[in-house]
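Colleague: I am new to this structure. Please take me through a single part of it, step by step.

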Amino acid sequence: MWIDSHAHLFDSSDNELSLIVDEATGTGVDAIVSTATDIINARQVIHHCENYSQLWGAVGISPFDVTDLPATWFDDLCSLLDHPKIIAVGETGIDATNPRYPPLSLQRPVFEQQLIAARDRQLPIIIHSRGAEKETAGLCRANGIVFAMFHCFTGDHRSLRAILDNGYYVSLSGIVTFPRSELRDLIRNIPIERLLIETDSPYLAPVPHRGKKNRPALVRFVGEEIARLLGKPSGQIGRQIQENFARLFQKYRPAAEPSPH
Ligand SMILES: [Zn+2]
């Protein structure tokens, strides 16, 4: 009943991945978006998605990987986007929180080119945005993007408005389970039909596993905490997230129900 909308599994060996996917399935995770950050791990994402029906992929260049891109990166990316299990462009975006990150003058054009690739294929885009939600949402809008998910949202009211007013989706990670997180109040301002959840594995493990290596099986702790905060049954939150996910990621096909004998 749960969907992990954002996980980085590309560093896992075939053996590790099989354990990760089995464990997730055993805790009720129906689908996981295996997310790339550069062209090399994008190929790994595709390889993994071909081996597991539960894995769907997103390929893109993250704001941390925009330096020293090969000249062919855009064509390479575009050819990967046509794969049937690649359901989104990403992660990509802008991170303006640290001067040691790649310069914004480099982050911006690489982000914008990926917006164009997404728009031309009518694919949703998975955005990493820190300290730049107004700008990233505005660039999405200006480039004709209809569907976008702002992953691991940690912004304030104003950034939330910039995302919602443009019709985009918000994905919450394990941060919402951290006792001092402002997201615990902010969540009431997110319309339930625009909400998704994720682990951002291997980072940001939710309470009660905080500090350990994260994995998709733990996404239910995010979903259950959100249900508690909103005073709703977790089954209802799980179903709503599945609906939202299918509306946003239109190449996604849920696994068929087992047919009765
Ligand atoms: Zn990520």
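Modeller: Neighbours within four places in sequence aside, Val59 is in contact with Ala36, Ala42, Val45, Leu77, Leu80, Leu81, Ile86 and Val89. Contact means that two C-beta atoms, placed from the backbone, lie within 7 Å. This is a predicted model: local features need pLDDT of at least 70, side-chain atom pairs count only at pLDDT 80 or more, and totals for chains, interfaces and linings use all residues. Numbering starts from 1 along each chain as its sequence is written.

Val59 belongs to the largest nonpolar core, which has 75 residues. Val59, Ala58, Ile125, Ala148, Phe150 and Val170 touch the most other members. Strand E4 (residues 86–95) gives the most to this core, with 5 residues. Such a core joins buried Ala, Val, Leu, Ile, Met, Phe, Trp, Tyr and Cys residues through C-beta atoms within 7 Å. Buried means 20 or more other C-beta atoms within 10 Å; exposed means 12 or fewer, and partly exposed lies in between.

Now follow the strands. Strands (E, at least two residues) and helices (H or I, at least four) are DSSP runs, numbered from the N terminus. E4 pairs with E5 in the parallel sense over 5 bridges; pairing takes at least two DSSP bridges. Thr92 has Ile127 in E5 as its bridge partner. In turn, Ile127 has Phe150 in E6 as its bridge partner. E5 and strand E6 (residues 148–150) pair in the parallel sense over 3 bridges. Strand E5 (residues 125–130) is largely enclosed by the rest of the structure, because 5 of its 6 residues are buried.
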